[in-house]
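Please open the model in your viewer and keep the selection panel at hand.

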Amino acid sequence: MSETLNREGLLKAYRIMRTIREFEERVHTDFATGEIPGFVHLYAGEEASATGVCMHLTGADYIASTHRGHGHCIAKGVDPVGMMAEIWGKATGTCKGKGGSMHIADLSVGMLGANGIVGGGGPLICGTALAAKIRGTKDVGVCFFGDGASNQGTIFEAMNLAAVWKLPAIFVAENNGYAEATSSKYSVPCEHIADRAPAFGMPGVIVDGFDFFAVHKAAGEAIKRAREGGGPTLLEVKLSRYYGHFEGDQQTYRAPGEVQTLRETKDCLMQFRRRVTADGEITDAQLDAIDGEVKTLIDDSVVRAKADPKPAPAELLTDVYVSY
Amino acid sequence: MARKITYQQAINEALDQEMARDPRVIIMGEDNAGGAGAPGEEDAWGGVLGVTKGLFHKYPGRVLDTPISESGYVGAAVGAACNGLRPVAELMFVDFIGVCFDQIYNQAAKFRYMFGGKAETPVVIRAMYGAGFRAAAQHSQCLYNMFTHIPGLKVVVPSNPYDAKGLLIQAIRDNDPVIFLEHKVLYTMEGEVPEESYTVPFGEANVAREGDDVTIVAFGRMVNQALTAAAALQKQGIHCEVIDPRTTSPLDEDTILESVEKTGRLVIVDESTPRCSMASDIAGIVAQKAFGALKAPIEQVTAPHVPVPFSDALEDLYVPSPARIEAAVTRVKEYR
């Protein structure tokens, strides 16, 4: 059992991870039919990272996400029904069908947006953290980014700025091994992304991203430190994505059987279930029930998304300015 | 309204009054305090040219020196705006936009639309622009046209101290991202400025001089060049109407079109390079919407399509001069 999560918390964590998985598997299936427009980048396989971090956050804490943002959205409390409608380009979507998969945002729950620009979120999260610090709240900002973004100047600048201003910011590097098709073994010349943290005068922590409990513990420590005025942390989460960079990616750069082996041996949901049912406090039946409820929720979100109207033509010209 | 202060003092006063009025207003930029962490006095500089001088001690914790990381701190200003503050970030020279444009045009400018109208990003990016300081190609450009191109941004180009104060206060109170561009040659320009706080609305042009013969539309420092030319032309019996749009986005098309309907002749003065410029933009608008009123081809007085040169002999040729404006006005006036 986790040291900090009670039974209710464990069930909540499982529900979030399962919701992300179900959501992404369903988008994967539906995208293949050609009905979903544009680009989608799926988070399946990485659920323990978003969930392990966001379980520590309140609605007043902000996160910035990436092009692979569905998991972060769900973990931060964005409504999956609105998200599905958004991905389908419908007026009922989280962003009224104007943002799409790469731009789902809901500031009302502290979700500052998936982001189509790799590394775009780092400076923004410095800003939300700065606002919290100036106002004297205990709120934090979390920037999720990938191994690709770890090489962007914006991320270096943001980590430096966060350290200079001692901001309540946490930089979560989700190293899934590939920036599009390029291996992080090629593009990250040091052994670990976290090795860069001391250069910015902040702690660097490496954690197994298939292990929810490991992420939850490491993130908890970093977030607590930030809330107490201890400044930023770089947390490198080692994980893998189960699908391609984008849907349609044939993944010719990956080893045969790579994903299948991970699914069978390391999957975060599988590990979580095994661990929490081991002492009998949570039963397989309880988790199965959550699986069923989540499947119903996601099935329903797709039915609704398909039936919902597209944005009216007049929407083309609205929402550019508050006033103009 | 007898008090006269400089354009630079007007900007400082606008920042001061808004910081006093609203605790959500913070300012940040390279050396905005100046001397942070250095052995000398903090607030030693108050900005590279002293525009933010005196605010550091007055508003503790709200005037932030930044590392030289434009992308980092401009983005931080944008993020802070999303989380309830009203930041004013200073990009020392507008030329530095190249290292932080993403945070402005892909992030701040697009949030409201991409997020379905549910975001407000009340951030102001101040930047110094323009030629005339022998500062050469990377510290002298006139880039308001680039920002004007981007939906979601508002772009302000004050031409005098009164407008500088009122437009900056409006910018800080505005709920959209605003690019506020200060011509470095104008910092020492004096003018009458009320001591009390006031706003100048966006999208409302100032008719800086009235006349019936030729319309001159000019931006920023060029308004003053145009007024100099207009005064000289008056002596030759040519009456120019000089229009200062004050903001390039939103743009007060109506005032320009009404003037052209009256005069039938248009000269646009733009310190920017000519391609895809405010000059070409306004020429296009007038050609489309007031074609029937035109009695002569539209003249555009701009910089040439070259980088800003260093040597005074070349830089003085680069910037549109009153003499070039006079010549253009004379050409359109005499066109038959």
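This is a predicted model: local features need pLDDT of at least 70, side-chain atom pairs count only at pLDDT 80 or more; totals for chains, interfaces and linings use all residues.

Residues are numbered from 1 along each chain as its sequence is written, while chains are lettered from A and ligands numbered from 1 in the order in which they are written.

Select chain A, whose secondary structure comes to 11 helices and 7 strands (DSSP runs numbered from the N terminus, helices being H or I of at least four residues and strands E of at least two). The C-alpha trace of chain A spans about 60 × 50 × 40 Å along its principal axes.

Next, display chain A together with chain B: 37 residues of chain A are in contact with 35 residues of chain B (contact means C-beta atoms, placed from the backbone, within 7 Å). On the side of chain A that touches chain B, helix 5 (121–135) and helix 6 (153–164) of chain A each supply at least two residues, and the largest share, 10 residues, comes from helix 5 of chain A.

Finally, select residues 70–82 and 101–114 of chain B, which are helix 3 and helix 4; their axes come within 8 Å and cross at roughly 20° (axes are lines fitted to C-alpha atoms over the stretch in contact, with angles from 0 to 180 degrees between N-to-C directions). Helix 3 and helix 4 of chain B are therefore roughly parallel to each other, a term for angles under 35 degrees. To see their contact, show S71(B), V74(B), G75(B) and V78(B) of helix 3 with D102(B), Q103(B), I104(B), Q107(B) and A108(B) of helix 4.

Methods: Two residues are in contact if their C-beta atoms, placed from the backbone, lie within 7 Å. Angles under 35 degrees count as roughly parallel, over 145 as roughly antiparallel, 65 to 115 as roughly perpendicular and the rest as oblique.
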